[in-house]
Amino acid sequence: MLNIYPKDDAEQALRLKRFFMAAASYALWLTLVLACFATGVLVIPPTQVMLATAGVVVTNVAFYAVIRTGFNKRFRDPSLTQAQIIAAMCWVLVLMFTSSEFRGLTMTVYIMTMLFGVFQLDRREFVTLSVFALLGYVGVVAVEYVFYAERFNPVVEALRVSVLAGLLGWVSFFGAYVSELKRKLRERNAALSEAVDEIGHVARRDHLTQAYNRRYIMEALGREKARSERSRTPFSVVIVDLDHFKTINDRYGHLSGDRVLMAFAERTLGTLRGMDVTDLEDRVRTFGRYGGEEFIVILPATRAGDAQRCADRIRTVTAEQPFDNVFHVTLSAGVAEYQAGESVEDTLRRADAALYAAKSTGRNRVVVDTTSASDGHQSNVVFGAFSARGSRAE
């Protein structure tokens, strides 16, 4: 069944709502015309009334069909604002030609149709409509002068043309002014949106490494915990610490240390992007700076074993190539899989304990915490971790 409004296209739905506002105006004025015809105020042949009514209905159905089917998206203005206004003007011109006595009243409708374009059309389009409206009316008057000279009043029509020209000029000026205000507002909104995005970026990122900062990491962990509890899917946390980093700062200075931290973050992000990530829906691997030379990786939908392999990939990539072709850096990492019901702090505490075990057993290795929920969250770590030799350490 075809819905009046598309459910999956908000922009098209908005265009149709605007169309129905215009259609309601058609209905209002058509009702008034028919009432005047029925009471004898408007004297025109019944055939012309029926043809005009049918034409108005067909015009509106056609515009609705064009928008509802999506055909309107092929045009520069998918709202078809200018086309709808021109169509409305044409029907008003028909009424003006049919009844010269009714012409003064219908001129009001003529001007009102242009006001529908105030928030959509630009200056050039308003000028185009104004020229069309004025020429259309002059055309009606000219045809009347040629074929119905007996009812033509040159003084009255000259006055009407003058008034119409003045009103159209005012509407064009007003419409162009509103259009310019709209353009400036759009630009300011775009600038504001960019500023908000920049503020959000600054609020989420570590100023040095551009990885996520600690606050964002903690928020992400909270969201991942809630998602894990809701969907009963696992996730793991890896805490990484660069080995002997203080030596770099002491020997080469903090600027060199900062360069290493930035390069490590960039290299790690590239490593994570290069790994296969499938069936994670909107979940992504989150990497951030935990503090000092410590970093953290959140791995959604990942068991401890897979997290261990991911951490060792980062460890290998870090150790294989020196930073700035000078600084040979290794890292130690602790891995913990979230256990249902525990707090984020407990998960981090277990990962940190695993990291401490990696440090205390020789560094340059990955250690996994194997605490189960029934252990009361007391840390147990596996010392059979990936070592620098890529084999299990006994």
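**A guided tour of the predicted model**

Begin by selecting Ala23, which is found in helix H1, spanning residues 10–39. The structure on screen is a predicted model. Ala23 has a relative accessible area of 19% and is therefore buried, since the limit for that class is under 20%. Ala23 and Phe126 are separated by 103 residues in sequence and by 21 Å in space, taken from C-alpha to C-alpha.

**Helices H3 and H4**

Next, select residues 81–98, helix H3, together with residues 103–115, helix H4. Their axes come within 10 Å and cross at roughly 175°. Because angles over 145 degrees count as roughly antiparallel, H3 is described in that way relative to H4. To see the contact, display the side chains of Ile85, Ala88, Met89, Val92, Leu93, Leu95, Met96 and Phe97 in H3. Sorted by class, the contact of H3 with H4 comprises twelve nonpolar residues, two polar and one charged.

**Helices H7 and H11**

Move on to helix H7 (residues 214–231) and helix H11 (residues 344–360), whose axes come within 10 Å and cross at roughly 110°. This angle makes H7 roughly perpendicular to H11. The crossing of the two helices, H7 and H11, is right-handed. Select Met218, Leu221, Gly222 and Lys225 on H7, and then Val344, Glu345 and Leu348 on H11, to display the contact. The residues of this contact between H7 and H11 fall into four nonpolar, one polar and two charged.

**Helices H9 and H10**

Then select helix H9 (residues 254–274) and helix H10 (residues 304–320), which pack at an angle of about 135° with their axes 10 Å apart. H9 is thus oblique to H10. The crossing of H9 and H10 is right-handed. From H9, display Phe264, Arg267, Thr268, Thr271 and Leu272; these meet Cys310, Arg313, Ile314, Val317 and Thr318 of H10. The contact of H9 with H10 divides into five nonpolar, three polar and two charged residues.

**Two cysteines**

Keep Cys310 selected, as one of the H10 residues in the contact with H9. Is Cys310 buried or exposed? With a relative accessible area of 6%, Cys310 is buried. Finally, select Cys36, which also counts as buried, at 18% relative accessibility. How many disulfides does the structure hold? The number is zero.

Terms used
Residues numbered from 1 in each chain as written. Predicted model: local features only at pLDDT ≥ 70, side-chain atom pairs only at ≥ 80, totals over all residues. Heavy atoms only, no water. Helix = DSSP H or I, 4+ residues; strand = E, 2+ residues; numbered from the N terminus. Buried < 20%, exposed > 50% of the residue type's maximum accessible area, 1.4 Å probe, protein only. Disulfide = S-S within 2.5 Å. Axes fitted to C-alpha atoms, helices over the stretch in contact; angles between N-to-C directions. Parallel < 35°, antiparallel > 145°, perpendicular 65-115°, else oblique. Left-handed = near helix turned anticlockwise from the far one by under 90°. Contact = heavy atoms within 4.5 Å. Nonpolar A, V, L, I, M, F, W, Y, C, P; charged D, E, K, R; others polar.
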